[in-house]
Amino acid sequence: MAVIPVDRKPLSFAERTYMPQILSGMKITFKHLMAPKVTMEYPEERPAIPAGYRGVPTLVKDPNGREKCVSCQLCEFVCPPKAIRITPGEIPPDAPTRHVEKAPQAFDIDMLRCIYCGLCQEVCPEEAIFLQQQYTMTGYSREEMVNHKDRLYELGGTLPDEHYKWDKKKAAEEHGNAH
Amino acid sequence: MIAPAQPDLVTVNIDGKEIAVPRGTNVIEAARLVAIDVPHYCYHPKLSVVGNCRMCLIEMGLPAVDPATKAPIMDPASGKQKINWMPRPQIGCATNVSPGLHVRTTTPQIKDCREGVMEFLLINHPLDCPICDQAGECKLQEQATQYGRGYSRFVEQKNVKPKRTPLGPRVMLDDERCILCSRCIRFCKEVAKDDVLGFIDRGSFSTLTCYPGKQLENNYSLNTVDICPVGALTSTDFRFKMRVWFLKQTNSIDTESSVGANTVVWSREGVIYRITPRRNDAVNDTWMADSGRLLYKQVAAPDRLSAITVQGAAGTLASAAAAASTLFQAGAVAVVGSGRSTVEEQFLTKQLAATLGARVSLVSRVGQGDKILISADRNPNLRGALVTGLIDTLPSAQLAALGAAIEAGQVKTVVAIGEDLAAAGLTAAQLAKVSIVYLGTHANATSVAAKIVVPTLTVFEKAGTFINQQFRIQKFARAVPGPAGASDDLAALSALIAAAGGAAIAADLPAIWAQLAAEVPALATMTYRNIPDTGLLLDGTPWSALPFVEGETLHYKPAAAPALATA
């Protein structure tokens with residue numbers, strides 16, 4: 001190994017006082033002291049979530065309060081980490097939404113498995129599942145991290161509906177082309 | 001078996017491929033032989049041809065001949081005989097092959113025709129796929145991806161029809177989805193011989209319905225659900241339970257009777273959701289009885305045995321075998337085998353009885369045969385007991401001889417393999433006089449009275465073979481794992497053989513089949529693996545003199561003594 005001698009330049013007087021370095025450091029400190037704040041007081045303060053953000057998957061109801069999911073299980077099929085588990089069920093013949101015939105008996109999303117890919121939202125033929133703006137999921141146990149049907153509806157709330165597909169179907173049944 | 005006469009073959013040309021097919025074959029079946037799919041809805045290979053869906057349109061042409069001289073007209077360009085193509089398309093299902101027939105299935109005209117048919121079929125079809133049980137196995141869905149236009153030109157209101165009309169106890173009709181193919185009507189008329197379905201009204205008012213005062217309640221009603229090409233007919237048992245694309249299909253055998261209908265068990269994650277028939281033209285065509293479709297419910301029945309018990313206390317297979325060994329040493333053992341056990345289990349039962357020097361009884365089950373797919377003999381594998389040599393005469397209905405032997409004190413221990421002795425005619429007093437070793441799946445009077453109980457597996461949880469009434473050996477595979485605490489039948493029998501002092505037999509199918517082939521002459525050249533999915537016909541002549549109780553069924557004619565038919 002070759003030995004390369006390095007010349008150590010003696011410090012000047014100003015450098016030996018450390019003042020230029022301290023002052024340049026203080027300059028940065030004061031600049032940031034005056035600059036607008038970039039952090040926020042989480043969790044009291046929450047960031048604005050951009051549109052199209054893929055947060056926690058939720059189930060939604062239409063503006064008339066009808067649960068939109070018909071348990072077709074396409075999201076369960078498409079879900080890459082198999083986080084969704086649905087037990088299909090029949091809507092009883094005396095319910096007001098009996099013309100829809102089918103609704104989930106149980107709908108579980110395991111948030112420890114979910115990878116927030118949004119495929120469930122993309123595949124849903126009824127526009128019933130949405131990855132909304134909720135981005136924190138915490139819990140003390142694995143069981144708590146599984147969102148059941150009632151929790152999913154609580155998180156999802158109601159979203160506007162463009163189609164009212166089933167309402168139209170019911171109207172057709174009542175007034176339309178009845179055979 | 002007498003080989004069938006060489007059928008009269010004719011050569012046809014389908015999309016340029018030449019194939020020789022038997023005269024009378026229709027174009028759909030002929031095209032299937034050259035792997036060309038002619039889409040169809042109303043045509044079904046096992047039903048009569050009606051030709052009302054118009055989906056199977058093809059172009060056909062015949063070799064040109066001079067009308068006067070009948071001399072072939074040659075095409076100078078190709079040097080071959082000229083083909084006179086018909087200007088209009090024909091339906092493939094009702095067009096039988098004729099010599100030199102030329103068929104085109106992929107021309108633009110045919111594609112146009114199919115797209116037109118699809119558009120009409122879809123005009124009033126509801127957008128129901130998310131809630132339709134047929135989704136995933138729906139012919140309309142499949143053809144729509146090939147011949148659908150992707151959007152609708154229909155701006156008028158769709159027809160509205162009743163969505164849930166019960167046609168019978170097991171079949172629900174959704175009228176909006178029905179495409180009026182009439183397969184279900186023809187099935188009821190031709191196969192089930194129970195003419196209850198028909199169309200009423202005209203045009204878009206046409207509706208499938210039962211005749212007044214009748215219901216679709218025969219024991220074959222669920223076959224209409226299977227053959228429905230769309231989701232119009234659904235099974236009330238399977239309705240809204242699970243989407244079919246999640247289900248694993250396992251080949252199995254219907255254990256209801258000695259017909260041995262081939263089935264497919266559809267399960268997901270160890271839970272069975274439905275049973276459907278599997279095509280076997282020599283046994284059950286494409287049908288099965290409704291009663292056989294509910295047999296999967298025994299798997300999760302509440303009275304299922306789930307723990308080995310020895311003298312009422314929990315035990316293991318080893319402790320059960322040790323306790324059985326003590327019982328066996330006292331001698332005077334009788335074995336009650338079962339016509340519901342597989343061939344392999346019956347073979348081990350025979351080994352057990354031979355080791356013990358015990359007499360073997362079998363329980364006979366005789367019911368009413370329906371002349372279709374339920375025979376009078378309700379044991380699925382009585383022939384297996386004959387072939388393996390477990391028994392050499394047919395069992396009597398009651399275990400009277402065994403009961404008398406117990407009364408006389410000649411029998412002290414009874415090994416009951418899957419059979420409820422009380423149901424088979426032994427009295428509670430007789431059961432109390434003997435020590436019982438019970439191998440079975442469900443709790444019953446025998447399992448309550450038994451000293452040693454070893455829970456075993458149902459037919460859905462094990463693999464094996466049955467020999468049906470035609471002496472056709474058919475195998476079935478394991479669809480779902482057995483419950484915790486249940487032992488494999490072969491392992492339990494093997495442990496009992498070891499307890500009786502016999503040579504231990506490895507409790508896996510290949511090992512047992514090696515031994516079966518060596519010791520059972522009828523199975524000498526076989527292994528479990530090389531039994532085809534549709535079964536293998538064995539030579540039943542050594543047993544042809546026995547007075548079997550079966551009457552005629554779909555593909556079985558009793559050889560002798562028709563007086564005993566439908567006993």
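This is a predicted model: local features need pLDDT of at least 70, side-chain atom pairs count only at pLDDT 80 or more; totals for chains, interfaces and linings use all residues.

User: What makes A:E76 and B:R268 a salt bridge?

Analyst: The closest N and O atoms of A:E76 and B:R268 are 2.7 Å apart. The rule asks for a side-chain nitrogen of Lys or Arg within 4 Å of a carboxyl oxygen of Asp or Glu. The pair A:E76 and B:R268, at 2.7 Å, therefore counts as a salt bridge. Across the interface of chain A and chain B the rule finds 7 salt bridges. Residue pairs in polar contact between chain A and chain B, both at pLDDT 80 or more, number 8.

User: Which elements of chain A supply at least two residues each to the side that touches chain B?

Analyst: They are α3 (74–78), β2 (84–90) and α6 (165–174) of chain A. The most comes from α6(A), with 5 residues. Sorted by class, the side of chain A that touches chain B holds 10 charged, 6 polar and 12 nonpolar residues.

User: How many residues are in contact between chain A and chain B, and what area is buried?

Analyst: On chain A 28 residues are in contact with 26 residues of chain B. About 2200 Å² is buried between the two chains, and carbon and sulfur atoms give 54% of that area.

User: Why are β20(B) and β21(B) said to pair?

Analyst: Strands pair if DSSP finds at least two bridges between them. Strand β20 (residues 435–440) and strand β21 (residues 452–455) of chain B are joined by 4 bridges, so they pair. These two strands run parallel. B:G440 has B:P455 in β21(B) as its bridge partner.

User: What makes β16(B) and β18(B) edge strands?

Analyst: In chain B, β16 (313–314) and β18 (359–362) each pair on one side only. They belong to an open sheet of 7 strands with mixed pairing, in the order β16-β15-β21-β20-β19-β17-β18 (chain B). Helix α8 (residues 343–356) of chain B lies across β17, β18 and β19 of chain B, at about 170° to β17(B). Helix α13 (residues 489–499) of chain B lies across β19, β20 and β21 of chain B, at about 150° to β20(B).

User: How do you know that β22(B) and β23(B) pair?

Analyst: Between β22(B) and strand β23 (residues 472–476) of chain B there are 4 bridges in the antiparallel sense. The rule needs at least two, so β22(B) and β23(B) pair. B:I467 stands opposite B:I473 in β23(B). The open sheet has 3 strands in the order β22-β23-β24 (chain B), with antiparallel pairing.

Technical notes: Residues are numbered from 1 along each chain as its sequence is written. Chains are lettered from A and ligands numbered from 1 in the order in which they are written. Side-chain values use heavy atoms; hydrogens and water are left out. Contact means heavy atoms within 4.5 Å. Buried area is the accessible area (1.4 Å probe) that two parts lose on being put together, summed over both. A polar contact is a pair of N or O atoms within 3.5 Å; within protein, one must be able to donate a hydrogen and the other to accept it, and residues adjacent in sequence count only if both atoms are side-chain atoms. Ala, Val, Leu, Ile, Met, Phe, Trp, Tyr, Cys and Pro count as nonpolar, Asp, Glu, Lys and Arg as charged, and the others, Gly among them, as polar. Axes are lines fitted to C-alpha atoms, for helices over the stretch in contact, and angles run from 0 to 180 degrees between N-to-C directions.
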